[in-house]
Amino acid sequence: MTTTVQAGASTAPAAGPDRIPRPSQGWYRVPGTDIKLRRVTTILSQGFPKPQLVFWAANLTAQDAMATLPTLVSASLRPAEREAAYDRLRKGHIRKKDERAAIGSAVHDVIEAHVLGQPIPESFLTDDEIAPFVDNFLRFVTEWEIEFEASEMVVGNLTDGWAGTLDYLFRSRPIAAVLRVPADTLFVGDTKTGGELDEKGVYPEAGAQMSAYRRAEVAWLRDGTQIPMPRVHDVGIVLHLRPEGYRPMPLKCGDDVYEAFRHVQALAEFQRVLAKSVVGEALTLPITEERAA
């Protein structure tokens, strides 16, 4: 197995070609080849049903409307302001997702710095919004005796045509003890920063995502070397990280979940290709001499 210093795809060596696949427009291209692998998160976003997002967006719009009701009423009486008010309401979920994405990205940067033994940027430690996430992450590492093996490592399955960047691989004696597996068991891990502790924020598609990473055929080290994917357990751990605390959540990611992921991949491919040609133009009755008369 690779060491923490070797594993991961965040940075490439100063010299030599960058041989680690990078995501672009939903794909990973394997450098030096014509191979393109579909991005795991793109597959899930296009093929996995997420009915909860519909209710979340509707809820958010209703909350925004009630919180700014006097302003909305005033804007409704002024044509010049009405369109702007409408636009703000309909894009509320986009703003919220962008805010969450910014926090999630910062937290991932903190985690990677810790995993690679690099200093955590001072700006994160003094940021009132980010600092609680950092504190709870470090508590998780200490309390559960986490030993990281890799961080932000690109993995792929050349046979099934996908690639992705896993958050981390790790070992934990306490987690292994709880799951009744050998102490040196290797787990795939992921971090989620949304939702609320013990209520929402960790969804089944995270298990599908980790099932794909578990079934990767290859992985790329930091120097671009391609190696076989290490064998990991069929239960992955999602770290639900929030300002008020954290929860390590076990998610099944075995072969049965991977089979479901492959169905999702087929649906995503349908949306990408075949769906565009399924619906034809409306039929019209042919013009005959009798109908023309």
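**Salt bridges and a helix contact**

Modeller: Happy to! Arg 215 has a relative accessible area of 33%, so Arg 215 is partly exposed (buried means under 20%, exposed over 50%, and partly exposed in between, using a 1.4 Å probe and protein chains only). Please bear in mind that this is a predicted model, in which local features need pLDDT of at least 70 and side-chain atom pairs count only at pLDDT 80 or more, while totals for chains, interfaces and linings use all residues. Residues are numbered from 1 along each chain as its sequence is written, and side-chain values use heavy atoms, leaving out hydrogens and water.

The partner of Arg 215 is Asp 255, in a salt bridge of 3.2 Å from N to O (a side-chain nitrogen of Lys or Arg within 4 Å of a carboxyl oxygen of Asp or Glu). Arg 215 sits in the loop between helix 9 and strand 7 (218–220) and Asp 255 in helix 10, so the bridge ties together parts 40 residues apart in sequence (helices are DSSP runs of H or I with at least four residues, strands runs of E with at least two, numbered from the N terminus). Asp 255 is partly exposed as well, at 45% relative accessibility. Shared partners join Arg 214, Arg 215 and Asp 255 into one network of salt bridges.

By this rule the count comes to 10 salt bridges. One of them pairs Arg 171 with Glu 149 at 3.1 Å, N to O. This pair links distant parts of the chain, with Arg 171 in strand 5 (residues 162–172) and Glu 149 in strand 4 (residues 146–157), 22 residues apart. Both ends are buried: Arg 171 has a relative accessible area of 18% and Glu 149 one of 16%.

Another salt bridge joins Arg 247 and Asp 198, with their closest N and O atoms 2.9 Å apart. Here Arg 247 belongs to strand 10 (residues 245–252) and Asp 198 to the loop between strand 6 (187–192) and helix 9 (205–214), a separation of 49 residues. Arg 247 is partly exposed at 31% relative accessibility, whereas Asp 198 is exposed at 60%.

Back to helix 10 (residues 255–278): this helix packs against helix 1 (residues 40–47) at about 75°, with the axes 8 Å apart. The contact of helix 1 with helix 10 has 7 nonpolar, 4 polar and no charged residues.

Methods
Axes fitted to C-alpha atoms, helices over the stretch in contact; angles between N-to-C directions. Nonpolar A, V, L, I, M, F, W, Y, C, P; charged D, E, K, R; others polar.
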